[in-house]
Amino acid sequence: MALYTNQNIKIYNSLSGVKENFISINEGYVGMYVCGPTVYSNVHLGNVRTFMSFDMIFRYFKHLGYKVRYVRNITDAGHLENDADLGEDKITKKARVEQIEPMEVVQRYTVDFHNVLQTLNFLPPSIEPTATGHIIEQIELIETIIENGFAYVVNGSVYFDVHKYNESNEYGILSKRKLEDLIHNTRTLDGQSDKKNPQDFALWKKAENSHIMRWPSPWSDGFPGWHLECTAMSTKYLGEFFDIHGGGMDLKFPHHECEIAQNQAAKGQAPVKYWMHANMLELNGARMSKSSGNYINPAELFSGKNDIMTKGFTPGVIRFFMMQASYRSILDLTNDGLLAAEKGLNRLMDAVGNIDNLKSSRTSSFDVSEWKQKCYDAMNDDFNTPILIAHLFEAVKLINQVNDKSATISSEDIMTLKATLYTFVFDILGLIDNNTSDSGIEKLNAAVELLIKLRKEARINKDFKLSDQIRDELADAGIELKDGREGTTYSLK
Ligand code: AMP
Ligand code: ZN
């Protein structure tokens, strides 16, 4: 029986504003869509935090035995500078400034995104669709919305009619806004004159002559609106009603609000059962964002080459730092916070590394089964990773106490403790111990160098039996020595 049958997950649903029991639409399956990056610049650590929250959630569902289809898109067209319907396409602008093709921009920053995520030990999503790869689906969706009477065509562009929609639906249902308030608070900007109302949003925009990224459509050569791609791709891969839609808090309005409206207008139903929003990463007290200049890129944090932190931090420390906060809390990235996370991670990893040396007793002075369920309970409570980590540190304390003989543990409990710690530390939190792996390689290097030296001395002393023995036994252990002009080197088979 799959593990999930015994665990009762509660998810804070941003739509209802309360924690709800998680019951997947199709038993045993979870469909999750998360808005991916707009690939016009290097990802910063704020972006990373949002994606890491959903990576952890993906990992937990998988661990529980669900078949998860996790779709995280790449926005490679349609996202305009001001996040609404004005300004230049973010990717086109970068291409113009750098004098390269838009698709070169897309390629460069998609590769950066993947490299960063891999370094931080992310699992790849099940599908990573691009907006430009789904233009046909987006055009079809617009046609349906027009047919259903919720969109209108003006001068080759198509706009979603928010006022019409609101007559029979609730625009603002997710972000808890009222259309009347929006009407009072919207300034009419130049260039929006095509719209019936300033609250309407573009589904298709006719491209100006200078706009390079363009596709033919029934209305004009143009490009899709930013909100549309997520509706088209989530529907295509997860269906018209799926389990979880996630993204950063800043996407709730207008982006996710518009996704709901588009789906209602096209299919007559809400798209998503549970809406999840990850909270923002701050840098020294202010929201991290590219546009404000208040950001730090992962590479700068790894290398320590930045003006903000006193040293570099490993990917493992950054991951641990982020997992120490609930995905729903604001998290402030500071030098002190990272230093503390580094210490914490080292303590945790030392204890994990010590489990195999524990001496068992006949009985345990600690209830390991109860502790194990507490770890699950923390995750079941809306993925509460800080509480989970507090429980992991109870295990650290236990391991240290058993080592100095102030606590006892049975051999059976050692096995449960080890399996549970490995599950939560590596599989679910996705932590990595960069220190150990680095120093492990260093230690191996030192040991093999010593053997190479001893072999050389043996040969000088004409003790070929010993020199061959060193070479052969190392080879049996998977370490191959190669004699070259510059001396002897080794490689791992
Ligand atoms: P973008 O590439 O701007 O579309 O953003 C990609 C993702 O990063 C979105 O889900 C944003 O909500 C998220 N994001 C942007 N800034 C931050 C931040 N400071 N903290 C957390 N998430 C962020
Ligand atoms: Zn989206």
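Helices, of at least four residues, and strands, of at least two, are DSSP runs numbered from the N terminus. In this predicted model, the protein has 16 helices and 15 strands. Of the 493 residues of the protein, 50% count as buried. The briefing below covers the overall fold, a zinc site, a helix pair and several individual residues.

**Overall fold**
- Taken along the principal axes, the C-alpha atoms of the protein fill a box of roughly 90 × 60 × 40 Å.
- Among contacts between residues at least 6 apart in sequence, 73% join residues at least 24 apart.

**Zinc site**
- The zinc ion (ligand 2) is coordinated by the SG atoms of Cys35 and Cys230 and by NE2 of His255, at 2.0 to 2.2 Å.
- Along the chain, the donors of this zinc ion follow the spacing C-x194-C-x24-H.
- Cysteine 35 lies in the loop between strand E3 (29-34) and helix H1 (45-63), whereas cysteine 230 belongs to helix H7 (residues 226-238), so the pair ties together parts that are 195 residues apart in sequence.
- Both cysteine 35 and cysteine 230 are buried.

**Packing of H7 and H8**
- In general, two packed helices are described by the angle between their axes and the distance between the axes.
- The axes of H7 and helix H8 (residues 252-267) come within 9 Å and cross at roughly 55 degrees.
- H7 and H8 are therefore oblique to each other, and their crossing is right-handed.
- From H7, the residues Trp226, His227, Leu228, Cys230, Thr231 and Thr235 take part in the contact; from H8 they meet Pro254, His255, Cys258, Glu259, Gln262, Asn263 and Lys267.
- By class, this contact has five nonpolar, six polar and two charged residues.
- The zinc donors Cys230 and His255 are both among the residues listed for this helix contact.

- Leaving aside residues up to four places away in sequence, tyrosine 237 touches Arg69, Val71, Ile127, Pro129 and His134.
- Tyrosine 237 and isoleucine 127 are 110 residues apart along the chain, yet their C-alpha atoms are separated by 8.3 Å.
- Proline 124 is found in the loop between helix H3 (102-119) and helix H4 (135-147).
- With 63% relative accessibility, proline 124 counts as exposed, since the cut-off is over 50%.

**Backbone geometry**
- Most residues other than glycine have a negative phi, and most peptide bonds are trans.
- The peptide bond from phenylalanine 253 to proline 254 is cis, with omega near 0 degrees.
- Proline 254 has its place in helix H8 and is one of the residues that H7 meets.
- Glutamine 99 is not a glycine, but has a positive phi of about 55 degrees.
- Glutamine 99 is exposed, with a relative accessible area of 72%.
- Lysine 176, likewise not a glycine, has a positive phi of about 55 degrees.
- The loop between helix H5 (162-168) and helix H6 (179-185) holds lysine 176, which counts as exposed at 52% relative accessibility.

Terms used
Residues numbered from 1 in each chain as written. Chains lettered and ligands numbered in written order. Predicted model: local features only at pLDDT ≥ 70, side-chain atom pairs only at ≥ 80, totals over all residues. Heavy atoms only, no water. Donors = N, O, S within 2.8 Å, 3.2 Å for Na, K, Ca; no water. Buried < 20%, exposed > 50% of the residue type's maximum accessible area, 1.4 Å probe, protein only. Axes fitted to C-alpha atoms, helices over the stretch in contact; angles between N-to-C directions. Parallel < 35°, antiparallel > 145°, perpendicular 65-115°, else oblique. Left-handed = near helix turned anticlockwise from the far one by under 90°. Contact = heavy atoms within 4.5 Å. Nonpolar A, V, L, I, M, F, W, Y, C, P; charged D, E, K, R; others polar.
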